[in-house]
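Me: I have a model to read. Take me through its rings and its helices, please.

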Amino acid sequence: MSAVLYYDGLCPLCAKEMRLLRRLKTESLQLVDVHAANLSADEKAKRLQVLHLEIAPGNYLLGVEASVAAWSHTSVGWILRPLQWRVFAPLVKGIYARWAKRRYEKLYGCSADLGCER
């Protein structure tokens, strides 16, 4: 199964993770910097706010689920699976949501809730 991971290439932490993922991934995972993708302004804003993994045309995993699924295209992906266990998932999702919102606001100077011109 192939997948496409959309990431924010202007985010230093995101770019660092993608460099590592690029070295370890199989050919079944494609990495796409949102800033280099041909997307509408609305789609670009959505993908900048939270990690998107397209697993089939129009079918996406978001946030932590996208990250864990993307890393499953490597030999070390099993390490992240516990993040989706029922006992950890609510906490991990909450932490990711708070981090993603702050990251977006810091980089783009606007609220992810209200959107902005970019």
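Me: Is Y96 buried or exposed?

Reply: First, the ground rules. This is a predicted model, where local features need pLDDT of at least 70, side-chain atom pairs count only at pLDDT 80 or more, and totals for chains, interfaces and linings use all residues. Residues are numbered from 1 along each chain as its sequence is written, and side-chain values use heavy atoms, with hydrogens and water left out. Buried means under 20% relative accessible area, exposed over 50%, partly exposed in between (1.4 Å probe, protein chains only). Y96 has 19% relative accessibility, so Y96 counts as buried.

Me: How many aromatic pairs does the whole structure hold?

Reply: Rings of Phe, Tyr and Trp (its six-membered ring) pair if their centres lie within 6.5 Å; planes under 30 degrees apart are stacked, over 60 edge-to-face, the rest tilted. The search finds three pairs. One of them, W85 with F88, is stacked, at 6.2 Å centre to centre and 25° between the planes. Y96 and W99 form a tilted pair: 5.9 Å, 45°.

Me: Where do Y96 and W99 lie in helix α4?

Reply: Helices are DSSP runs (H or I, at least four residues), strands likewise (E, at least two), numbered from the N terminus. Y96 and W99 are three residues apart in α4 (residues 89-108), so about one helical turn separates them. W99 is partly exposed, at 35%.

Me: Which residues of helix α2 are buried?

Reply: In α2 (residues 41-49), they are A45, R47 and L48.

Me: What does the charged end of R47 sit over?

Reply: A charge sits over a ring if NZ of Lys or CZ of Arg is within 6 Å of the ring centre and within 35 degrees of the ring normal. For R47, the ring is that of Y6, with the centre 4.4 Å away.
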